[in-house]
Amino acid sequence: MLEEVQVQALARLARIQLEAPEVPAMVAQLARILTLIDEMNAVDTSGVEPLAHPLELVARRRPDQVTEIDQRAVFQATAPQVQDGHYLVPRVLE
Amino acid sequence: MEYPTTVAALSAGLARGDYSSRELTQFFLARIAARDAHLNSFITVLPEQALATADAADRSRRAGAAGPLSGIPYANKDIFCTKGTRTSCASRMLDTFIAPYDATVVARLHDAGMVMLGKTNMDEFAMGSSNETSFYGPCRNPWDRTCVPGGSSGGSASAVGARLVPFATGTDTGGSIRLPAAFCGISGLKPTYGRVSRYGMIAFASSLDQGGPMATTAEDLALTLNAMGGFDPRDSTSAEAAAEDFTASLRQPLAGLRIGLPREFFDAQLDPQIGDCLQAAAAQLELLGATCREVSLPSTAYAVPAYYIISSAECSSNLSRYDGVRFGHRCEQPQDLTDLYLRSRGEGFGAEVKRRILVGTYALSTGYYDAYYAQAQKLRRLIKQDFQRVLSEVDLIAGPTAPTVAFKLGQKTADPVAMYLSDIYTTAVNLAGLPALSIPAGVVDGLPVGLQLIGTYFDEARLLNVAHQYQCATDWHLRSPLFED
């Protein structure tokens, strides 16, 4: 059974802050979703190869040519905070 | 002036010179202005840009360079990137995001001369079956505004259903084109995985996501798929299928067509009145020359749980890109880098997106991987094998799109599992990567019923042929909700 401490640990792993009022409903709903998902375990799948992709494609190759152009300014126009062409984040090293 | 409702008829009118693209565009923009306040099917409307595109289409027609879709207004689901205008994915996370490029689908429709009127509402990051998880508020069903339009492409379905546009794009990861098409009484096609480029289509679950057309008729789906689909070197999973004209075989008779009706789709969860509509639809297809027989898809019973593991696992990975650093929502005054990630994502994502990321994180974590993710992938193979076996015996599979007609707003928001079970007849198709469409096939309690047709890989032409023949013999697709402007 899923418990609050586990859900908080998962949220931390996924880098999502859950506010206190969100937590009880999240725990209950995740538990309910996992009950639905556990229905899968009724099927004996021994000997079945996992299928990762519907078409089982082989990755295509292309010539090793530079096709991208420099669009740094365009991409950084949508960034929350940039300076001198760099993305700014809080100080990591003191 | 009263304009026709289909892309095909509008195209013929433009070619005859009955009206210009500017006149059409003004008409549909006025209709959006008059009706959409009741529906909330658009997140963004682009009148000036649309009129400029319409004028360009009129000029190219005068120069003799107009194709069949030139000058026809349409809308894009707000999951397709559009250069220079906001692409929000109905999330606070992308509320101010302006993509630096067009999705391949958008670029191709633009190259075909189509006129984008705006971006449609949807469930946040396409996660939902009712269009109620949108940051911009729920969209409503034009047949009954107290009901949901279905999701996740609810805005596109509602807009086409209310005749605000003759055509809109959608995406379908677990039923997100077919379910809203069924709920809003329109036609919607989820193509074979790989048929339509995913380049510039914001990723939810990359092995399942597929874009497709939503319109009033199967003929319009064929016309628009011609422009939307095709190989794209920018999408690593784009199929190298030969180009096809999907309108070429629409008029073929159905004599000799073999249709399978899966026993598992006519189960206790199906509203019996919908079952009656589908039996009548099967009888109609038999009148047109097809033969129907019962088939079995035993593993599809496990499609919903397998789907929620695989799609959530892929979602938790895909949505890790929203970090508050390069684009998207960023929290105020982060204390450190971890705080920046935690609060930007905690504030930027809504509850359903958070639930799915957490389910995916759980399923992929050490100790649970084999029991959840690996087991789901094995079931995925069994589901695909079921379809392959049945589709070697029949030409296509017919059944319900959804177990019920459109439900009330708020009816299932407190119980995610009840919401997920709206997709019991659609998710298996995405796991297998097959093409499928939904077309109107009846009305129950004043709300439309969807008939789902599932075909074999890259057999969209046959699905569209069967749907078109059915629509030539019936008028369910012509019914539309009454509106007082």
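B:Gly188 lies in strand 5 (residues 187–190) of chain B. Helices (H or I, at least four residues) and strands (E, at least two) are DSSP runs numbered from the N terminus. The model is predicted: local features need pLDDT of at least 70, side-chain atom pairs count only at pLDDT 80 or more, and totals for chains, interfaces and linings use all residues. Residues are numbered from 1 along each chain as its sequence is written, and chains are lettered from A and ligands numbered from 1 in the order in which they are written.

B:Gly188 counts as buried because 33 C-beta neighbours lie inside 10 Å. The buried class requires 20 or more other C-beta atoms within 10 Å of the residue's own; exposed means 12 or fewer, partly exposed in between, with C-beta atoms placed from the backbone. Beyond four places in sequence, the contacts of B:Gly188 include B:Gly170, B:Ile177, B:Met214 and B:Leu437. Contact means C-beta atoms, placed from the backbone, within 7 Å. B:Thr169 is 19 residues away from B:Gly188 in sequence and 9.2 Å away in space, C-alpha to C-alpha.

Chain A holds 3 helices and 2 strands. Their order along the sequence is α-α-α-β-β. The C-alpha atoms fill a box of roughly 55 × 45 × 25 Å along the principal axes. Of the 94 residues of chain A, 16% are buried.

In chain A, 42 residues are in contact with 55 residues of chain B. Helix 1 (4–13), helix 2 (23–37) and helix 3 (72–76) of chain A each give two or more residues to this side. Helix 2 of chain A gives the largest share, 7 residues.

Methods. Two residues are in contact if their C-beta atoms, placed from the backbone, lie within 7 Å.
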